[in-house]
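I opened this notebook to record what I looked up in one model.

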Amino acid sequence: PDVEVSPAVHRTAEDIGSMEIRGAATIAAAAAEALGEQADVSDADSPEAFRAELRAAARVLYDTRPTAVSLPNALRYVLRDVEGETVERLRASVRASVSEFCRRLDNAQTDLGRVGANRLRDGDTIMTHCHSTDVLACVETAVEQGKSLSAFVKETRPRNQGHITAEALDELGVDVTLIVDSAARRYLNDVDHVLVGADSIAADGSVINKIGTSGLAVNARDRGTPIVCAAQTIKLHPDTLTGHTVDIEMRDEREVVDRETAEGMGDPEVLNPAFDVTPPRYVDAIVTERGQFPPESIVSLMRDLFGEGTTEPWAE
Ligand code: RUB
């Protein structure tokens, strides 16, 4: 059936697809807010019609990017607690649910930051990949504790999210050195911790994060440099409890090379996976708002939080 999805939801979906809005936690917050906007502007004339609109809006948001599980987890959170016998009550309920979700997301990041900061000592050097607000929360807390830090920041081709990280770290007063991705191994000997975020964490403790994370982790292990993943529990992928795997997004080849230039190379196929999977044996710890976990034990936290299974309200 034709259900009206508000332009604001479509705009958010486009911004997530184009990566104007990006990073797992930021995507989650934007998706929740978009459901709130859908509720705000809805002129549904019955509770059923209102709920159908919300589901349709969730579907539009869900279809944007496949890898960060924070997106469906956010949609599920907001839709789960929506209650009311009238459209007005439902609207208020969605609003309350969105605020509660965003409040929890903020608090989780702050709490995670405190846990991660405990690992960092005054004078330490970190290495980062991509741009993770969960990683930055750890650094921010450490800096607030008076620790002085330096960072090697990988530029993170093809989208150069490292530039965002460099700016954010500089604002925190961290001494930043920007390097190309392939220089990471060369500088690992000078690094005390590799800090990465996650788009999803699988039940076996695998970390799904920006392409290049797995290679960095293998190199870090080879050099004996600890690698820590900072990931709020919204990054835990409940479907992996029942054997599903995490979809790795393939993005447009034009992020890598334009077709005209490629023609000059004999028209090769161009592959542009946005994420990869780092097996748990290469990860020293996963830092969450619930504390620090060895990757292999993350499954018990996942069962506590998602044990009853998941629903897909947007698929109804
Ligand atoms: C972003 C990325 C980040 C995680 C964690 O990829 O891989 O490391 O999303 O970010 P993209 P956060 O740029 O393709 O979205 O800690 O902010 O949730």
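My entries follow.

I am working on a predicted model, in which local features need pLDDT of at least 70 and side-chain atom pairs count only at pLDDT 80 or more, while totals for chains, interfaces and linings use all residues. Residues are numbered from 1 along each chain as its sequence is written, and side-chain values use heavy atoms, with hydrogens and water left out.

**Sheet**

I looked up the strand order first. An open sheet of seven strands runs S3-S2-S1-S4-S7-S9-S10, with mixed pairing. Strands here (E, at least two residues) and helices (H or I, at least four) are DSSP runs, numbered from the N terminus. Two strands pair if DSSP finds at least two bridges between them. S3 (175-179) and S10 (291-293) are the edge strands; each has a single partner strand, so one side of each lacks a neighbour in the sheet. From one strand to the next, the twist averages 25 degrees. Angles run from 0 to 180 degrees between N-to-C directions, with axes fitted to C-alpha atoms, for helices over the stretch in contact.

S9 (residues 285-288) pairs with S10 in the antiparallel sense over three bridges. Val-287 stands opposite Gln-292 in S10.

Which helix packs on the sheet? I found H9 (residues 213-223), which touches S1 (125-128), S2, S4 (193-196) and S7 (227-230). Contact means heavy atoms within 4.5 Å. The direction of H9 makes about 160 degrees with that of S4.

**Cores**

I took a nonpolar core as a set of buried Ala, Val, Leu, Ile, Met, Phe, Trp, Tyr and Cys residues joined through side-chain atoms within 4.5 Å. Buried means under 20% relative accessible area, exposed over 50%, partly exposed in between (1.4 Å probe, protein chains only). The largest core has 36 residues; Leu-35, Phe-50, Leu-75, Val-94 and Phe-101 touch the most other members. H2 (24-41) is one of the helices that each supply at least two residues. H2 gives the most, with eight residues. A second, separate core of 29 residues includes Met-127 and Tyr-282.

**Rings**

I counted three aromatic pairs. Rings of Phe, Tyr and Trp (its six-membered ring) pair if their centres lie within 6.5 Å; planes under 30 degrees apart count as stacked, over 60 as edge-to-face and the rest as tilted. The Phe-152 and Tyr-187 ring centres are 5.0 Å apart and their planes are at 15 degrees, so this pair is stacked. Phe-152 is buried, at 11% relative accessible area. Tyr-187 is partly exposed, at 27%.
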